[in-house]
Amino acid sequence: MLEREIKLHVPAKARLALEQELRGQQATEIALHALYFDTAGRELAQAKIALRLRREGEHWIQTLKMPGADALSRIEINHPRTEPTLDLSLYESGELKSVFTRLKNPLALCYETRIKRLLRKIRTRYGTVELAYDQGTVCAGSLELPVCEIEFELLSGRIQSLFTLSKKWTQRFGLILDLRSKAERGDTLASAAQAAAGTSAAAGLPTAANLAERLAKPRRAGLPKLKSAMSLHQAYLACVDDCSGQIIRNATFVAGVDAAQADEALRAEHVHQLRVGIRRLRSCWKLYKDWSAPAAPLLDTQLRQHFAAFGETRDDDVVRYTIAPQLERAGMPACILPQASAHGPGHAAALASGPAFQILLLDLLASAIGPETGPAAKTAEPLPNAAVQAVPASAGAEEKALPLKLALVRRLNKWLARIVQQGSQFQELAIEDQHDLRKKVKRLRYGLNFSEALLSRSTLERVLAALTQAQDTLGELNDLYVAEQAYRALLDNQPQAWFAVGWLRSMQTQKKREAQAMFKVLAKAGKLKS
């Protein structure tokens with residue numbers, strides 16, 4: 001059975017109104033008690049499998065879940081049970097047999113959930129959806145997490161139903177998209193409980209900050225598992241899925257879910273990784289331009305706007321915490337910097353939890369979902385506020401005809417050649433052109449990461465090493481430009497700021513020479529090979 005659903009966290013301020021809404025619509029209330037099993041080494045979790053026994057009313061159901069083809073899909077296998085004991089003989093045939101025969105340790109209860117669920121079916125023009133509002137807890141050892149989420153599960157019809165309802169309810173109740181299942185949160189909690197059990201009694205339970213660090217671990221860039229036999233569109237979806245996951249999962253924590261006790265350093269890392277995810281996604285769109293359905297211009301524009309909004313405090317932080325200490329060590333006379341940005345620590349959380357950004361994330365999720373198959377595909381229509389647009393038949397036709405490896409190598413080498421040519425005259429470029437080249441270097445580096453599984457290691461490693469050095473140098477140069485603007489703004493009232501301007505200009509000259517040398521190294525790295 002294939003389960004397709006969208007899950008959203010319900011913030012505290014919306015819970016009463018949402019519950020009243022559902023009770024007013026005669027929603028059915030049921031109690032659920034689920035027991036989740038794994039080995040001490042978390043072998044099932046590492047295989048991305050969740051195994052549970054759940055009591056639904058008077059009945060027990062044994063359920064096994066595995067990932068589906070995209071972020072919304074789960075493969076779900078259910079068997080009725082007369083008592084709360086596992087029957088592994090149910091998996092003695094098929095591909096699951098090898099999973100359980102390879103287990104090195106016995107299965108044991110790892111965590112459990114106790115949920116009060118309000119349930120109702122909703123019909124839309126696209127199909128029928130089951131809405132489930134869950135409130136309760138997930139428990140592991142002596143640790144406990146609250147659960148308050150709403151799930152929209154597709155019962156019949158097209159996937160548009162899920163996005164139509166999710167956006168409507170997000171707009172009304174300020175919901176927050178969360179890709180994590182109860183099993184994923186429970187596994188993280190169980191790991192924390194296991195770690196706590198292994199410490200001395202004097203050490204006690206994990207501190208709030210330590211627990212937050214486990215629960216709200218920043219999602220970093222992954223390496224899409226591309227295969228030579230994939231089509232360009234399949235490879236595109238794999239890359240988009242990884243980028244979208246990085247954006248959405250970090251946005252969940254930035255919005256405050258499971259991150260209430262996180263310290264400022266962890267919060268800042270979530271924001272940083274969210275912005276990295278946006279950069280990677282836009283690089284992916286560039287890499288597969290003309291090969292696959294591109295993102296709609298509105299989605300791209302909105303992402304760029306939010307990228308800038310999440311980074312509003314960065315330039316101020318660079319000047320204050322990176323450049324100013326260097327100037328002080330160089331002998332800079334005392335200089336008073338302007339007051340820090342008015343955006344406080346809550347700025348990013350408010351931005352991430354707002355309905356405008358959350359609906360943008362739902363549109364982004366829609367763009368990462370492959371085409372529907374089966375009966376629904378025959379009458380499928382574009383998603384509401386479509387996240388993608390059509391590809392002209394003639395666009396990229398020559399490269400589209402090539403195998404995946406060759407198409408990627410050809411395009412990446414074109415990018416590499418342009419960067420090398422422009423970088424050969426780096427010191428003579430205008431600042432705007434230097435900044436544009438820096439963006440191209442980042443784009444190529446992300447493109448190489450996306451394609452890494454298909455590229456020859458020898459040339460890839462040389463090009464990546466040179467690109468990394470160039471990107472670091474260009475980033476430092478950009479910080480010097482930002483700082484110069486900041487100190488020039490102080491000259492009228494603080495003449496001693498001329499010291500900073502002179503020092504910064506000298507450092508810029510040095511960094512430009514270093515960058516020029518980096519591009520020479522890049523030119524010698526050679527072309528990429530498949």
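Predicted model: local features only at pLDDT ≥ 70, side-chain atom pairs only at ≥ 80, totals over all residues.

Trainee: Rings, then. How many aromatic pairs are there in the whole structure?
Mentor: A search of the whole structure turns up eight. Take F310 and F357 as one of them. Their ring centres are 5.2 Å apart and the planes meet at 70°, so the pair is edge-to-face.

Trainee: Which helices do F310 and F357 lie in?
Mentor: F310 is in helix α9, residues 297-310. F357 is in helix α12, residues 355-367. So the pair ties together parts that are 47 residues apart in sequence.

Trainee: And is F310 buried or exposed? What about F357, buried or exposed?
Mentor: F310 has 6% relative accessibility, so it counts as buried. F357 is at 1%, so F357 counts as buried too. The cut-off for buried is under 20%.

Trainee: Which residues do ring pairs link into a cluster?
Mentor: F152, W169 and F173.

Trainee: Which charged residues lie over the face of a ring?
Mentor: R411 lies over W291, at 4.0 Å from the ring centre. R443 lies over W415, at 6.0 Å from the ring centre.

Trainee: How accessible is C110?
Mentor: C110 has a relative accessible area of 25%, so it is partly exposed. C335 is partly exposed as well, at 23%.

Trainee: Now helix α18. What span should it have?
Mentor: Helix α18 has 28 residues, 497-524, and at 1.5 Å a residue they should span 40 Å. The end C-alpha atoms are 41 Å apart, which agrees.

Trainee: What comes just after α18?
Mentor: G526, with a positive phi of about 90°.

Trainee: Last topic, the largest nonpolar core. Which members touch the most others?
Mentor: I150, W169, Y288 and L448, out of 98 residues. Helix α7, residues 232-254, gives the most to this core, with 11 residues.

Trainee: What does L448 touch?
Mentor: Leaving out residues up to four places away in sequence, L448 touches L412, L455, L460, V463, L464, L467 and L528.

Trainee: What other core lies apart from the largest one?
Mentor: One of 19 residues, including I323, L480, Y487 and A500.

Key: Residues numbered from 1 in each chain as written. Heavy atoms only, no water. Phe/Tyr/Trp six-rings, centres within 6.5 Å; stacked < 30°, edge-to-face > 60°. Helix = DSSP H or I, 4+ residues; strand = E, 2+ residues; numbered from the N terminus. Buried < 20%, exposed > 50% of the residue type's maximum accessible area, 1.4 Å probe, protein only. Lys NZ or Arg CZ within 6 Å of the ring centre and 35° of its normal. Expected span 1.5 Å × (residues − 1). Core = buried A, V, L, I, M, F, W, Y, C linked by side-chain atoms within 4.5 Å. Contact = heavy atoms within 4.5 Å.
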